[in-house]
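Please have the sequence and the model at hand while reading.

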Amino acid sequence: MAKFMDPHDVPTIPGTEGWERMYPYQYQFTKDDPERAAYESNQIWYYDGLHYPTPHHPFDLLWDEFWYLGLSQYNTRHWIIPPAMGIDHRIVNGYVYISPVGVANPEEIPNRVPHFMERAGYYFQNWNDLYENNWKKKMTKIIEELEALNFSDLPEMEDISVVKNGLGKGSGYELLKKYDDLIDLGLQCWQYHFEFLNLSYAVQVTYFQTFDQLFPGIPMATLTKMSAGFDPILFKPDAELIRLAKLAIELGVDQLVLKPMKADELLKTMAEDAVGKKWLEEFEKARYPWFHISTGTGWFHTDQSWNTNLNIPIENIRTNINALKAGKTLGRPTEQIVAERDKISSEYRNLLKADADREAFDQSLGLARLVLPYAEDHNFYVEHWFHTLFWAKVRQVGKILANAGFFEDSEDIWFLRRDEIKQALWDLCTGWATGVKPRGPSYWPKEIEWRKGVYEKFKEWTPPAALGTPPEVVTEPFTIVLWGVTTNVLDTWLKGSEAGEGGGDPNTIQGSPGSSGIVQGRARVLKSIDELADLKEGEILVATTTSPSWAPSFVKIAGAITDVGGPMCHAAIVCREYGLPTVVGTGKGTQLIKTGDLVWMDGDTGVVKILERA
Amino acid sequence: MVPKEERLTIWYDEMDGNDFNFVGKKNANLGEMMKAGIPVSPGFAVTIHCMDKFTADTGIKEKLSKLITTSGEVSFEVAKPASDEAIRLIQTTEMPDDIRNDIVSNYRKLCEKCGVENVPVAVRSSGAVSMPGQMETYLNIRGEKDLSDYIRLCWTSAYNVEAIMYRMNKNIPFLFNIGVGIPKMVNSRVSGVIFTINPINGDPSKISIDASYGLGEAVVSGFVTPDTYLIDKIVMEPVKTVIGSKEVMCVYKEGGSDIVQVPVPEEKRGVACLTRQEMLELARIGKLIEDYYGKPYDIEFGIDADMPFPSNVIILQVRPESVWSKKEVTAKTEAKKDPMDRLLGTLLTGVRLK
């Protein structure tokens with residue numbers, strides 16, 4: 001197989017020289033150690049467009065570092081996955097590239113097997129107990145700790161209680177400590193994120209490959225249908241909005257809710273209404289935690305949640321009220337989904353004639369059903385609930401630094417690395433302690449302005465799909481399932497790199513199959529969640545990603561196209577649940593397609609064609 | 001209502017497999033398929049009783065009965081002149097009005113049903129006992145006059161030399177009546193073959209459809225590369241579509257039954273010849289046929305340009321699948337002692353890149 005561009009040869013974008021300091025030093029491709037340089041050249045590095053449609057703000061890279069550590073450590077040090085080590089990370093012009101690492105000496109693989117069997121075996125045997133009674137408790141605990149963390153400006157003088165209680169510690173110390181706690185909670189959260197995930201993906205590889213041997217070409221949608229059927233947490237927020245819509249009708253306040261008012265106005269009106277108050281109580285109950293659902297992936301500080309923009313859930317409640325009044329049935333028909341799951345599973349099984357095949361069927365489907373609840377639900381705890389709270393806490397820190405003149409705007413905090421924020425807080429605290437102006441206000445605004453300029457240049461750059469040298473075999477489960485790296489995918493990347501930018505047919509876009517079906521319609525490109533209300537019946541939604549929080553809109557659209565995601569990504573899972581033809585991971589769909597274009601899409605092959613420009 | 005044994009014509013959708021004594025085997029099979037929900041081309045049968053009534057009412061039955069009076073085995077020298085005379089008698093005797101009217105009124109109803117004036121039909125013999133020489137089929141017959149002429153021509157096949165010798169050798173009497181089938185000619189916009197398994201690898205969870213423009217000969221004889229549609233049989237979702245080159249198609253020569261090849265217009269070659277709706281309907285019918293007969297089937301179909309969906313989807317011929325059905329059952333997966341062992345096996349194999 002041909003090679004991609006050597007990672008050391010990627011040119012720096014003019015005017016961004018020195019960009020490396022925005023990110024951790026170990027993320028750079030360098031030639032200063034010949035051994036490391038040779039390793040880098042001989043690995044395949046692919047751009048993680050699945051998670052990151054845009055270049056990284058320095059602060060937001062923390063999740064990437066956390067999963068770099070968590071995912072890799074579970075493969076290599078916890079489970080001892082026999083043939084696979086971790087996933088390595090680098091950053092090029094603001095874009096994250098990743099690379100699966102194999103076990104260097106194949107003779108070591110058999111020695112790793114007994115360890116793997118013992119360790120993974122223990123988790124599989126005790127899966128439900130470890131997940132339900134251990135994992136969920138740990139996650140809830142760190143979320144509670146996160147909620148309790150609050151940041152405020154340093155006081156002019158310490159409160160008298162500090163003295164009288166003999167506390168012996170000051171507010172400067174508290175601020176530094178709380179910032180450390182904040183980052184530490186984030187890191188813990190991402191440790192837990194992977195506690196079951198590597199094994200879940202190993203199971204999914206087994207499930208997909210076994211079923212593809214039994215029924216070559218079996219649609220992905222069918223595989224998820226057969227392993228689904230429980231009540232995923234990710235659907236809970238949507239269910240709450242349906243409940244609130246029904247309640248409004250029941251209480252007779254539906255007309256009130258439907259009045260075209262902004263969220264804050266509506267909530268005030270409801271509070272003043274005797275019956276409205278009752279509805280409001282339920283609304284408030286639903287908010288925690290269910291409105292902590294992100295309208296994006298939750299990976300970026302720019303992602304809003306329902307709680308940070310209440311107009312979104314309220315607009316959805318209105319849509320639900322109108323649908324209910326028009327006699328539509330809303331919600332996820334769990335019983336029906338379970339019945340269909342059992343029906344199609346037994347139909348497939350009945351086609352198998354050999355005992356060995358039936359056993360393979362039972363073993364791999366059994367495993368898939370065991371792990372699926374975790375595989376789907378952990379996202380709500382981590383990327384939605386935890387992240388939503390986390391971003392809000394970092395914003396509190398941003399305000400403190402902005403108030404102290406370090407930033408022109410509290411949102412500038414995203415242009416600092418997380419360790420630089422700690423440094424800035426030290427600067428602030430020592431200045432506060434000594435009664436001297438800190439250096440920050442003269443240092444950071446200039447640096448941030450430069451970084452903003454660099455970031456804009458990064459945005460205009462198109463990262464190559466892959467760099468380096470493809471291996472003969474991929475054994476790393478995430479690389480196979482989540483990113484779907486196969487010969488075909490590599491071929492597509494190679495074609496792309498040969499054609500260069502703008503090569504090939506500009507009206508044909510190749511993505512990954514998300515949810516089956518071929519449809520044609522006018523495109524509606526959504527740049528922000530606020531534009532959801534503009535969606536019209538029969539349109540094809542084009543967005544960076546979709547989230548379960550968009551579900552109420554799914555009933556009216558004909559299909560969905562996203563920039564990021566693989567066949568197992570959340571958007572794909574949700575769209576399959578709604579039977580909505582979907583193509584994911586197009587990379588630049590939102591840039592190439594314009595609202596009003598006539599678009600044809602095939603959810604089975606991942607091909608999108610622009611038939612007619614608006 | 002006239003009892004079935006006295007009727008002169010019976011529609012396909014009124015009969016079933018047990019009616020072969022009234023309409024002949026071929027007709028009864030079509031009736032049986034229709035009853036099972038398998039869409040065959042619409043039409044009707046001219047009953048065995050009708051041929052009997054024709055010979056009796058016109059007085060030729062008497063004459064026929066005198067042509068060979070012995071029973072049991074006959075020689076060619078005896079059979080040949082009797083055959084010649086019987087054929088002459090049937091062909092030169094006008095159809096009585098009541099018989100003609102019955103047939104013609106059915107034909108008019110068929111024209112109406114299909115929305116085609118003087119709809120082309122096939123005229124096919126259908127005996128209650130299968131015998132050689134009785135395989136007559138006349139294609140593309142149009143109009144009331146031709147229809148009654150060809151029905152009489154078809155009747156003559158009961159008195160072919162081979163037929164006479166064959167049946168008398170089996171101790172069946174010389175006097176013999178057959179049924180005739182009158183199905184609408186399928187005006188195939190598209191035709192092809194359905195396999196109720198994937199013929200490439202024997203996968204029983206798929207239905208495979210090969211389809212191309214025009215008559216089925218192009219696909220069956222393999223002188224075009226057809227479109228291939230692979231559909232998951234359980235969830236009934238298309239899995240894979242490969243568009244074939246489809247450069248030529250077979251059509252009937254104007255007004256006749258000869259088949260000629262003509263080029264497919266350039267703009268129709270690169271696109272799917274079946275609509276998604278038609279493809280899924282064909283898959284549904286394929287599954288129905290497999291379930292009905294309880295084994296994989298190989299099915300010829302046509303999409304009739306004269307009719308609206310879904311009545312345009314017509315099954316022409318069915319037969320049991322013969323390749324994979326005969327193979328011994330072998331496991332496609334490796335045996336593993338437990339789920340962990342299977343998981344380990346997958347991890348160690350990985351995904352091979354070329």
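Domain bounds, as used here, come from an automatic or database domain assignment. The model is predicted, so that local features need pLDDT of at least 70 and side-chain atom pairs count only at pLDDT 80 or more, while totals for chains, interfaces and linings use all residues. Residues are numbered from 1 along each chain as its sequence is written, and chains are lettered from A and ligands numbered from 1 in the order in which they are written.

**Domains of chain B**

Chain B is assigned domain 1 (4-183) and domain 2 (188-326). Taken over C-alpha atoms, the centres of these two domains of chain B are 31 Å apart. Twelve residues of domain 1 of chain B are in contact (C-beta atoms, placed from the backbone, within 7 Å) with twelve residues of domain 2 of chain B.

**Contact between the chains**

Chain B contributes 33 residues to the contact and chain A contributes 51 residues. Helices (H or I, at least four residues) and strands (E, at least two) are DSSP runs, numbered from the N terminus. The elements of chain B that give two or more residues to its side are tabulated below.

| Element of chain B | Residues |
|---|---|
| Strand S8 | 227-232 |
| Strand S9 | 237-242 |
| Helix H12 | 339-349 |
| Strand S14 | 351-352 |

With eight residues, H12(B) gives the most to this side.

**Strand pairing across the chains**

Strand S5 (residues 473-474) of chain A pairs (at least two DSSP bridges between the strands) with S14(B) in the antiparallel sense, over two bridges. Opposite Val473(A) stands Arg352(B) in S14(B).

Notes. Two residues are in contact if their C-beta atoms, placed from the backbone, lie within 7 Å.
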